[in-house]
Amino acid sequence: MDKLYYKLLKSSYFVFFVLSLLYLYYRRMFILDNSVSPIDQWMITSHLVTIVVNNTFLLYQMKKVGTIRAIKNNIIVRIGKTNLYKQLNRYSIKDLCVYFIGTYFVLTLIYIQTLTIIPVYIFFIMLNLCFFFFYQILFNYIIVEDKKTYYSIIPFVLNIVFHYLIVPLLFF
């Protein structure tokens, strides 16, 4: 299972996610309008994070769901359903760390001197972490319980709802 996970990190979907992160860094560093706004406000209000980075990460997760579902029965026979859940949760935590370090932590460290609304920014990151943790649980549920693929649309819809409805209500 570890070999499969590391093979997924070499997939084109993960490369696309890394490229979207590089595009995010480029936009922040070299577009003049972005460089004057505080990093916390820019990250909360940026449509680039929601539309490009989050969705490419969710596409990578969908690739993981499809790959593991294809061999799920063989894995369950070897290690059991409970151990599969444990391994999937371990990989989900690794994926969340990669996502949050790549998306928020690096840019926040680079532009730490521009932070203005630190408690609000921390609340936003924690709320976003909760949403992505829910997405990971949903993806793991889809894999193990062999649910239909229309369940996989939920994270994409919630991502848009979170950014366009919840963020304006809570942070503006």
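A nonpolar core is a set of buried Ala, Val, Leu, Ile, Met, Phe, Trp, Tyr and Cys residues joined through side-chain atoms within 4.5 Å, where buried denotes under 20% relative accessible area, exposed over 50% and partly exposed the range in between (1.4 Å probe, protein chains only). The model is predicted, so local features need pLDDT of at least 70 and side-chain atom pairs count only at pLDDT 80 or more, while totals for chains, interfaces and linings use all residues. Residues are numbered from 1 along each chain as its sequence is written, and side-chain values use heavy atoms, with hydrogens and water left out.

The largest nonpolar core holds 45 residues, of which Leu24, Met43, Tyr99, Tyr104, Leu107, Phe124 and Phe132 touch the most other members. Two or more residues each are given to this core by helices H1 (2-8), H2 (12-30), H4, H5, H6 (81-110), H7 and H8; helices here are DSSP runs of H or I with at least four residues, numbered from the N terminus. H7 supplies the largest share, 12 residues. In soluble globular proteins, nonpolar side chains tend to be buried together.

Phe132 is in contact (heavy atoms within 4.5 Å) with Asn54, Phe57, Leu58, Leu96, Tyr99 and Phe100, leaving aside neighbours within four places in sequence. Just after H7, Asp146 takes a positive phi of about 55 degrees.

Helix H8 (residues 153-171) has 19 residues and should span 27 Å, in agreement with the 26 Å between its end C-alpha atoms.

Ser46 lies in the loop between H4 and H5 and counts as buried because its relative accessibility is 8%.

The whole structure contains zero disulfides, a disulfide being a pair of cysteine sulfur atoms within 2.5 Å. The sulfur of Cys130 is 14 Å from the closest cysteine sulfur, in Cys97, and therefore too far for a bond. Cys97 is partly exposed at 42% relative accessible area, whereas Cys130 is exposed at 52%.

Technical notes: The expected span of a helix is 1.5 Å times one less than its number of residues.
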